[in-house]
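Here is a briefing on one protein chain, written to be read beside its sequence and its coordinates.

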Amino acid sequence: MPKHTPAPLDPRSPLVLDTRDLPRRPGALRTVRRVAAAPADLGVELIGVPTGADLDLDLRLESVSEGVLVSGTISGPIRGECSRCLRDIDDVVAVPVQELYAYENSTTDMTADEDEVGRMQGDLIDLEPALRDAVVLTLPTNPLCREDCPGLCPDCGVRWDELPADHSHQQVDPRWAALSQLTRKEE
């Protein structure tokens, strides 16, 4: 099966790492600290990183025999809404990242599937797929404003936190209304 040719990377992009100054001998090390704008659609349905938000990249690039191992932490703001009460959620996410990027024409090309290991384009590494995987897999699919969020009243739609303790929407079936009168007389 022929391999597809990826689009050329822009070395000026904040999510593209240039490894020209990292020697290709195992053990060579370089740290990268930068702020990058978050790409679009970095999240799940109810919560995610706002497009263009500042992501702090604190990474370590290490030469290994087959390529460059990128490890570190990516952190940034997340915004969304509670899946129970629909309150806005503003928080911060910090996710660990560890990804091997194989050199072009390394033995990894023959021993690993194309989507198993990241690939370098010349001396450039596209960090966006690893960033996307790390952040999206960390986010909850049903985010909560707090663990014990009681949600909304199913009848009137008001947050339970904002309703009095005795709030109810008792609807008595008219066919049984006479029986409810009997229980009141006993009390």
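A residue is called buried when its relative accessible area is under 20%, exposed when that value is over 50%, and partly exposed in between. The model discussed here is predicted, and every value below was computed from it. By that scale, C156, with a relative accessible area of 36%, is partly exposed, and 32% of the 187 residues in the protein chain are buried.

**Overall fold**

- The protein chain has nine strands and three helices, and read along the sequence these elements follow the pattern β-β-β-β-β-β-β-α-β-β-α-α.
- Among contacts in the protein chain with a separation of 6 or more, 57% are accounted for by residues 24 or more positions apart.
- The protein chain exposes about 12100 Å², and carbon and sulfur atoms supply 50% of that area.

**Nonpolar core**

- The largest nonpolar core holds 36 residues, and those that touch the most other members are L17, V49, L59, L61, V68, V70 and I74.
- At least two residues of this core are supplied by each of the strands β2 (29-37), β4 (47-49), β5 (54-64), β6 (67-81) and β7 (88-102), and likewise by the helix α2 (128-138).
- Strand β7 contributes the largest share of this core, namely five residues.
- V68, one of the core residues with the most contacts to other members, is in contact with T19, L22, L61, E62, E99, L100, Y101, Y103, M120 and I125 once its neighbours within four places in sequence are left aside.

- S71 lies in strand β6, and its relative accessible area of 19% falls under the 20% cut-off, so S71 counts as buried.
- Not counting residues up to four places away in sequence, S71 touches D58, L59, R60, V97 and Q98; of these, L59 also belongs to the group of core residues that touch the most other members, while D58 takes part in a salt bridge with R33.

**Nonpolar surface patch**

- V172, W176, L179 and L182 make a nonpolar surface patch of about 430 Å².
- L182, a member of this patch, has its place in helix α3 (residues 177-186), and with a relative accessible area of 48% L182 is partly exposed.

**Cysteines**

- The structure holds zero disulfides.
- C149 is in no disulfide, although the sulfur of C85, the nearest cysteine sulfur, is 3.6 Å away; a pair would have to lie within 2.5 Å to count.
- At 4% relative accessibility, C149 is classed as buried.
- C156 is likewise in no disulfide, and its nearest cysteine sulfur, which belongs to C153, is 3.6 Å away; C156 is partly exposed.

**Salt bridges**

- The count of salt bridges comes to 13, where a side-chain nitrogen of Lys or Arg must lie within 4 Å of a carboxyl oxygen of Asp or Glu.
- The side chains of D10 and R12 meet in a salt bridge with an N to O distance of 3.2 Å; R12 counts as exposed at 73% relative accessibility, whereas D10 is partly exposed, with a relative accessible area of 35%.
- D21 and R30 form a salt bridge through their side chains at 2.4 Å, N to O; here D21 is exposed at 56% relative accessibility, while R30 is buried, with a relative accessible area of 18%.
- The side chains of R33 and D58 meet in a salt bridge at 3.0 Å, N to O, and this pair links distant parts of the chain, because D58 is in strand β5 and R33 in strand β2, 25 residues apart.
- Within that pair, D58 counts as partly exposed at 35% relative accessibility, and R33 counts as exposed at 63%.
- A network of salt bridges links R87, R146, D148, R159, D161 and E162.

Notes
Residues are numbered from 1 along each chain as its sequence is written. This is a predicted model: local features need pLDDT of at least 70, side-chain atom pairs count only at pLDDT 80 or more; totals for chains, interfaces and linings use all residues. Side-chain values use heavy atoms; hydrogens and water are left out. Buried means under 20% relative accessible area, exposed over 50%, partly exposed in between (1.4 Å probe, protein chains only). A nonpolar core is a set of buried Ala, Val, Leu, Ile, Met, Phe, Trp, Tyr and Cys residues joined through side-chain atoms within 4.5 Å. Helices (H or I, at least four residues) and strands (E, at least two) are DSSP runs, numbered from the N terminus. Contact means heavy atoms within 4.5 Å. Accessible areas come from the Shrake-Rupley method with a 1.4 Å probe; for residues, only the protein chains shown count as cover. Patches are made of residues with over 30% relative accessible area and no salt bridge: like charges are joined within 9 Å, nonpolar side chains (Val, Leu, Ile, Met, Phe, Trp, Tyr) within 5 Å.
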